[in-house]
Amino acid sequence: MLSTNTLTAGQHLDAIIVRVLKERIAVAMANARRPVEAPHKLVDHLLDQHRLSLHVLTAASPRREALLRIVDRPVFRKYFRRLHCIVAGIIENGIRDGHFKAQDHRLSAELFTAQTNPIWDPIAIVARLQGSECHIPYEHSQTAVDLLN
């Protein structure tokens with residue numbers, strides 16, 4: 001394994017991003033395995049991801065800077081697809097169990113992820129915290145889940 005000193009700035013940034021996203025994926029997978037109904041899993045997933053973003057944003061570390069530049073990196077897309085697949089799986093199970101109406105679970109996951117961006121995206125969180133917009137992540141999460149019905 002290369003030492004930190006031999007990595008380029010881009011490689012170092014990618015390594016930080018991978019660590020952050022692996023943590024997010026582990027939390028999402030643990031939530032997806034819980035024996036609760038799909039609507040609860042989705043709300044909890046969003047709130048978990050929100051908490052992870054807040055944690056990194058409040059830490060004074062290179063992880064914070066990496067998280068703010070995360071979407072510009074190709075490595076982000078690879079790991080983000082994994083998170084997206086977890087959400088799609090929860091939606092698919094929710095459709096099968098009758099919690100959500102019949103729909104394309106992959107497309108619904110894309111729309112759900114885009115709609116809930118202000119909850120989990122660090123850049124959106126920073127913008128919201130700097131503004132005067134009142135935002136309650138739980139209510140936003142619940143509204144997004146309700147739209148799947």
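## Overall organisation

Within the chain, 70% of the contacts with a separation of 6 or more are accounted for by residues 24 or more positions apart. The model described here is a predicted one. Its secondary structure comprises eight helices and zero strands, and the order of the elements from the N terminus on is α-α-α-α-α-α-α-α. The chain has 149 residues, of which 40% count as buried.

## The nonpolar core

The largest nonpolar core holds 28 residues, and the members that touch the most other members are L42, I91, F100 and F112. At least two residues of this core are supplied by each of α1, α2, α4 (74-96), α5 (105-115), α6 (117-120) and α8. Helix α4 provides the largest share, with nine residues.

F112 illustrates how one of these core members is surrounded. Not counting residues up to four places away in sequence, F112 touches L42, L46, V87, I91, A144, V145 and L148. Two of these partners, L42 and I91, are themselves listed with F112 among the members that touch the most others in the core.

## The packing of helices α2 and α8

Two packed helices are described by the angle between their axes and the distance between the axes. For helix α2 (residues 38-58) and helix α8 (residues 137-146), the angle is about 140° and the axes are 9 Å apart. The crossing of α2 and α8 is right-handed.

On the α2 side, the contact is made by P39, L42, V43, L46, L47 and H50. The α8 side contributes P137, Y138, S141, Q142 and V145. By residue class, the contact of α2 with α8 consists of eight nonpolar, three polar and no charged residues.

## Residues of helix α1

Which residues does V18 touch, not counting residues up to four places away in sequence? The residues are V75 and Y79. V18 lies in helix α1 and counts as buried because its relative accessibility is 18%, where the limit for buried is under 20%. Although V18 and Y79 are 61 residues apart along the chain, their C-alpha atoms are separated by 7.6 Å.

N31 also lies in helix α1, which spans residues 9-33. With a relative accessibility of 3%, N31 counts as buried. Its side chain makes a polar contact with the side chain of R34, at 2.3 Å. Beyond residues up to four places away in sequence, N31 touches K41, D44, H45, D48 and I90.

T113 is placed in helix α5. Is T113 buried or exposed? Its relative accessibility is 12%, so T113 counts as buried. When neighbours within four places in sequence are left aside, T113 is in contact with F80, H84 and W120.

I125 belongs to helix α7 (residues 122-130). The relative accessible area of I125 is 0%, and the residue is therefore buried. I125 touches H50, S53, L54, L57, P118, I119 and W120, again not counting residues up to four places away in sequence.

## A residue of helix α8

A144 is located in helix α8. A relative accessibility of 1% is the reason why A144 counts as buried. Not counting residues up to four places away in sequence, A144 touches F112, Q115 and T116. The C-alpha atoms of A144 and T116 are separated by 6.9 Å, although the two residues are 28 residues apart along the chain.

Technical notes: Residues numbered from 1 in each chain as written. Predicted model: local features only at pLDDT ≥ 70, side-chain atom pairs only at ≥ 80, totals over all residues. Heavy atoms only, no water. Helix = DSSP H or I, 4+ residues; strand = E, 2+ residues; numbered from the N terminus. Buried < 20%, exposed > 50% of the residue type's maximum accessible area, 1.4 Å probe, protein only. Polar contact = N/O pair within 3.5 Å; in protein donor to acceptor, adjacent residues only side chain to side chain. Contact = heavy atoms within 4.5 Å. Axes fitted to C-alpha atoms, helices over the stretch in contact; angles between N-to-C directions. Left-handed = near helix turned anticlockwise from the far one by under 90°. Nonpolar A, V, L, I, M, F, W, Y, C, P; charged D, E, K, R; others polar. Core = buried A, V, L, I, M, F, W, Y, C linked by side-chain atoms within 4.5 Å.
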